[in-house]
Amino acid sequence: MFRLSFDTNHRVLLVQFEGVLASEDFEGLDNALLAFVSRHGLARGILDFSSVQANAVPQSFLVWRARLPQILLGQERIIVAPQQEIYELACIYASQQRDFGNLKGRIVRALGDAYHLLDIEQSNFRPLH
(Lines give C-alpha, C1' and ligand atoms only; values in the text may rest on other atoms or scores of the structure.)
Protein backbone atom coordinates (compact mmCIF):
# COMPACT_ATOMS: atom_id res chain seq x y z
CA MET A 1 0.00 0.00 0.00
CA PHE A 2 1.18 3.55 -0.66
CA ARG A 3 0.16 7.18 -0.22
CA LEU A 4 1.01 10.11 -2.47
CA SER A 5 1.69 13.67 -1.31
CA PHE A 6 2.91 16.64 -3.33
CA ASP A 7 4.87 19.71 -2.27
CA THR A 8 4.00 22.30 -4.92
CA ASN A 9 6.59 24.80 -3.61
CA HIS A 10 9.50 22.41 -4.23
CA ARG A 11 7.76 20.34 -6.95
CA VAL A 12 8.47 17.09 -5.13
CA LEU A 13 6.19 14.06 -5.14
CA LEU A 14 6.40 11.90 -2.00
CA VAL A 15 5.39 8.24 -2.25
CA GLN A 16 5.18 6.51 1.13
CA PHE A 17 4.88 2.72 1.18
CA GLU A 18 3.65 0.86 4.26
CA GLY A 19 2.90 -2.65 5.49
CA VAL A 20 3.87 -5.55 3.24
CA LEU A 21 5.52 -4.42 0.01
CA ALA A 22 4.13 -6.35 -2.98
CA SER A 23 4.60 -6.28 -6.75
CA GLU A 24 1.01 -4.98 -7.10
CA ASP A 25 2.04 -1.83 -5.21
CA PHE A 26 4.35 -0.90 -8.09
CA GLU A 27 1.68 -1.57 -10.70
CA GLY A 28 -0.69 0.72 -8.79
CA LEU A 29 2.07 3.29 -8.47
CA ASP A 30 2.58 3.36 -12.24
CA ASN A 31 -1.10 4.23 -12.74
CA ALA A 32 -0.95 6.88 -10.02
CA LEU A 33 2.20 8.41 -11.55
CA LEU A 34 0.63 8.58 -15.01
CA ALA A 35 -2.39 10.38 -13.52
CA PHE A 36 -0.08 12.71 -11.56
CA VAL A 37 1.94 13.66 -14.66
CA SER A 38 -1.23 14.38 -16.65
CA ARG A 39 -2.43 16.78 -13.90
CA HIS A 40 0.78 18.31 -12.57
CA GLY A 41 3.55 17.61 -15.07
CA LEU A 42 6.94 16.21 -14.13
CA ALA A 43 8.36 16.53 -10.61
CA ARG A 44 11.23 15.24 -8.53
CA GLY A 45 10.37 12.32 -6.30
CA ILE A 46 10.95 10.60 -2.99
CA LEU A 47 10.10 6.92 -2.60
CA ASP A 48 9.87 6.32 1.13
CA PHE A 49 9.98 2.71 2.34
CA SER A 50 10.39 3.63 6.04
CA SER A 51 7.02 2.12 7.05
CA VAL A 52 7.44 -1.16 5.17
CA GLN A 53 7.33 -4.06 7.59
CA ALA A 54 7.98 -6.92 5.15
CA ASN A 55 9.03 -7.33 1.53
CA ALA A 56 7.21 -9.73 -0.81
CA VAL A 57 8.71 -8.35 -4.05
CA PRO A 58 11.12 -10.72 -5.79
CA GLN A 59 14.46 -9.28 -6.87
CA SER A 60 13.77 -10.52 -10.43
CA PHE A 61 10.65 -8.28 -10.58
CA LEU A 62 12.65 -5.22 -9.52
CA VAL A 63 15.39 -5.94 -12.07
CA TRP A 64 12.74 -6.23 -14.81
CA ARG A 65 10.99 -3.07 -13.64
CA ALA A 66 14.22 -1.05 -13.48
CA ARG A 67 14.68 -1.62 -17.21
CA LEU A 68 11.41 0.12 -18.11
CA PRO A 69 11.40 3.78 -19.18
CA GLN A 70 10.80 6.13 -16.27
CA ILE A 71 7.42 7.83 -15.99
CA LEU A 72 8.93 10.89 -14.29
CA LEU A 73 11.54 11.03 -17.04
CA GLY A 74 14.78 12.79 -16.17
CA GLN A 75 13.63 13.80 -12.70
CA GLU A 76 15.76 13.37 -9.61
CA ARG A 77 14.61 10.57 -7.28
CA ILE A 78 15.59 9.73 -3.76
CA ILE A 79 14.84 6.30 -2.30
CA VAL A 80 14.49 6.13 1.50
CA ALA A 81 15.31 2.60 2.68
CA PRO A 82 16.22 2.21 6.36
CA GLN A 83 15.80 -1.59 6.36
CA GLN A 84 18.89 -3.48 5.15
CA GLU A 85 17.01 -5.83 2.79
CA ILE A 86 15.15 -2.98 1.09
CA TYR A 87 18.32 -0.87 0.98
CA GLU A 88 20.13 -3.65 -0.88
CA LEU A 89 17.22 -4.09 -3.31
CA ALA A 90 17.14 -0.32 -3.88
CA CYS A 91 20.85 -0.36 -4.74
CA ILE A 92 20.30 -3.12 -7.30
CA TYR A 93 17.27 -1.29 -8.72
CA ALA A 94 19.13 2.02 -9.03
CA SER A 95 22.12 0.39 -10.73
CA GLN A 96 19.87 -1.40 -13.21
CA GLN A 97 18.10 1.86 -14.01
CA ARG A 98 21.41 3.56 -14.72
CA ASP A 99 22.60 0.64 -16.86
CA PHE A 100 19.48 0.91 -19.03
CA GLY A 101 19.81 4.64 -19.64
CA ASN A 102 17.55 5.94 -16.89
CA LEU A 103 18.51 8.47 -14.25
CA LYS A 104 19.92 6.59 -11.25
CA GLY A 105 18.09 7.26 -7.99
CA ARG A 106 20.01 8.13 -4.84
CA ILE A 107 19.47 5.99 -1.78
CA VAL A 108 19.40 7.20 1.81
CA ARG A 109 18.44 5.67 5.16
CA ALA A 110 16.17 8.49 6.50
CA LEU A 111 13.51 10.81 5.10
CA GLY A 112 15.34 13.83 6.51
CA ASP A 113 18.35 12.89 4.37
CA ALA A 114 16.13 12.89 1.28
CA TYR A 115 14.85 16.36 2.16
CA HIS A 116 18.43 17.54 2.57
CA LEU A 117 19.49 16.19 -0.85
CA LEU A 118 16.56 18.00 -2.47
CA ASP A 119 17.23 21.25 -0.55
CA ILE A 120 13.91 21.09 1.29
CA GLU A 121 14.22 22.95 4.58
CA GLN A 122 10.50 23.25 5.23
CA SER A 123 8.26 20.74 3.51
CA ASN A 124 4.67 21.43 2.55
CA PHE A 125 3.41 18.04 1.38
CA ARG A 126 -0.33 17.77 0.77
CA PRO A 127 -2.07 14.43 0.16
CA LEU A 128 -3.16 13.64 -3.39
CA HIS A 129 -6.37 11.75 -3.95
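E18 counts as partly exposed at 24% relative accessibility, where partly exposed lies between buried (under 20% relative accessible area) and exposed (over 50%), with a 1.4 Å probe and protein chains only. E18 forms a salt bridge with R3, with 2.5 Å between the closest N and O atoms; a salt bridge is a side-chain nitrogen of Lys or Arg within 4 Å of a carboxyl oxygen of Asp or Glu. The model is predicted: local features need pLDDT of at least 70, side-chain atom pairs count only at pLDDT 80 or more, and totals for chains, interfaces and linings use all residues. Residues are numbered from 1 along each chain as its sequence is written, and side-chain values use heavy atoms, leaving out hydrogens and water.

**Fold**
- The chain has 4 helices and 6 strands, being DSSP runs numbered from the N terminus (helices H or I, at least four residues; strands E, at least two).
- From the N terminus on, the order of elements is β-β-α-β-α-β-α-β-α-β.
- The C-alpha trace spans about 35 × 25 × 25 Å along its principal axes.
- Buried residues form 46% of the 129 residues.

**Salt bridges**
- The whole structure holds 4 salt bridges.
- R3 lies in strand 1 (residues 2-7) and E18 in strand 2 (residues 12-21), so their pair ties together parts 15 residues apart in sequence.
- R3 is partly exposed, with a relative accessible area of 40%.
- R106 and E76 also meet in a salt bridge (2.1 Å, N to O).
- R106 belongs to strand 5 (residues 106-108) and E76 to the loop between helix 2 (59-66) and strand 4 (77-80), so this pair links parts 30 residues apart in sequence.
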